[in-house]
Amino acid sequence: MSLPVLSALAAGPAPSPSPSTSTGPLPVTPTFQDAQESATHAASWVEENWSTWLAIGLRVLLVLVIAAVLRVFVRRAITKLIDRMGRTAQAVDGTALGGLLVNVERRRQRSQAIGSVLRSVASFLIMGTAALMILSTFEINLAPLLASAGVAGVAIGFGARNLVTDFLSGVFMILEDQYGVGDVIDAGVASGEVIEVGLRVTKLRGDNGEIWYIRNGEVKRIGNLSQGWATAGVDVTVRASEDLDHVRSVIADVAETISKEEPWNERLWGPVEILGLDSVLLDSMVVHVSAKTMPGKAVSVERELRWRIKRAFDAADIRIVGGPAASTEEESLDPAAAVAAPSVFANAESPQSTATAPIPSPAPSGVPK
């Protein structure tokens with residue numbers, strides 16, 4: 001046998017191991033080596049991912065900075081554009097027409113409304129796009145969000161379609177400058193002077209002082225009586241036997257006088273024109289007089305022209321006719337005109353009364369008369 005085997009036999013049998021009293025595995029106590037390994041793993045994870053998180057943060061910060069700068073730039077550009085529009089409209093070739101069409105209050109409200117709409121739209125588009133870009137940076141799926149927003153937009157559009165219609169109509173009315181504060185308009189449903197122009201409602205003051213609130217979406221047509229110029233027309237009816245040349249010369253003198261006096265020289269934007277005969281009848285003829293006036297001043301010019309023409313005709317012994325002529329002489333009143341003629345039925349024995357008397361009924365037979 002070999003030497004190792006002999007040594008084992010000499011030592012005798014090996015003692016049997018003592019039975020263990022514990023049935024489960026022994027608790028493992030964390031050692032310093034385990035903590036060092038955990039820290040090493042965390043450091044390695046941070047080292048591997050810090051560049052990704054830094055890139056995401058820098059991208060979000062860059063998007064926010066660009067959106068903020070772009071929003072400020074666009075809002076300032078819109079403000080300058082609105083101010084330039086106001087200054088351009090204030091002087092239209094240096095004429096009084098341009099200064100009248102764009103009064104201070106009208107320009108102010110119109111520019112405020114347009115600027116507010118454009119700034120709100122620009123801010124919504126810029127900040128909304130920035131929010132979507134930030135969400136996409138975090139790798140968030142935008143398809144469900146956009147689909148939900150689309151469904152919500154359709155639902156709101158159907159539920160508030162009247163509000164959307166009023167708003168869009170108001171925006172286009174303001175952008176197209178269909179009317180403004182101080183204009184006299186006929187909106188179909190109501191007419192009067194515009195006292196406030198809003199994106200949803202327009203306020204009008206009627207002839208009797210009432211205030212009309214008109215939704216912009218309900219306006220189908222607009223007649224602006226304050227834009228451009230107005231026309232004052234006067235019809236002068238004289239006798240058919242009057243001398244037309246004399247009538248024309250008297251009216252021409254009135255037109256020349258009124259065009260040189262204040263404030264009518266400012267309200268008249270053109271010469272008073274005698275357009276000629278408008279109609280000729282058996283006992284009268286109508287001469288039509290017309291003049292181009294400042295918007296909203298046509299009625300006052302017409303009244304002044306009638307006043308001056310009547311006084312000039314009285315001085316020139318020209319009679320204005322029209323309607324039933326009043327009698328200059330008192331007619332003699334007949335005192336018997338109000339007394340009724342005697343009636344033939346007043347006499348009971350007259351033939352007329354006898355003819356209208358009832359016929360007596362015949363007497364019954366067998367009865368002595």
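Biologist: E261 has 32% relative accessibility; does that count as buried, partly exposed or exposed?

Modeller: Buried means under 20% relative accessible area, exposed means over 50%, and partly exposed lies in between (1.4 Å probe, protein chains only). At 32%, E261 is therefore partly exposed. This is a predicted model: local features need pLDDT of at least 70, side-chain atom pairs count only at pLDDT 80 or more, and totals for chains, interfaces and linings use all residues. Residues are numbered from 1 along each chain as its sequence is written, and side-chain values use heavy atoms, leaving out hydrogens and water.

Biologist: Which side chain meets E261 in a salt bridge?

Modeller: A salt bridge puts a side-chain nitrogen of Lys or Arg within 4 Å of a carboxyl oxygen of Asp or Glu. Here R308 pairs with E261, at 2.6 Å from N to O. R308 sits in helix 9 (residues 298-315), and E261 in the loop between helix 7 (244-258) and helix 8 (264-267), so distant parts of the chain are linked, 47 residues apart. Helices (H or I, at least four residues) and strands (E, at least two) are DSSP runs, numbered from the N terminus. R308 is buried, at 18%.

Biologist: How many salt bridges are there by this rule?

Modeller: The count is 10. One of them joins R306 to E302, with the closest N and O atoms 3.9 Å apart. Both lie in helix 9, four residues apart, about one turn of the helix. R306 is partly exposed at 42%, while E302 is buried at 16%.

Biologist: Which residues do shared partners join into one network?

Modeller: D166, R215 and E218, through salt bridges that share partners.
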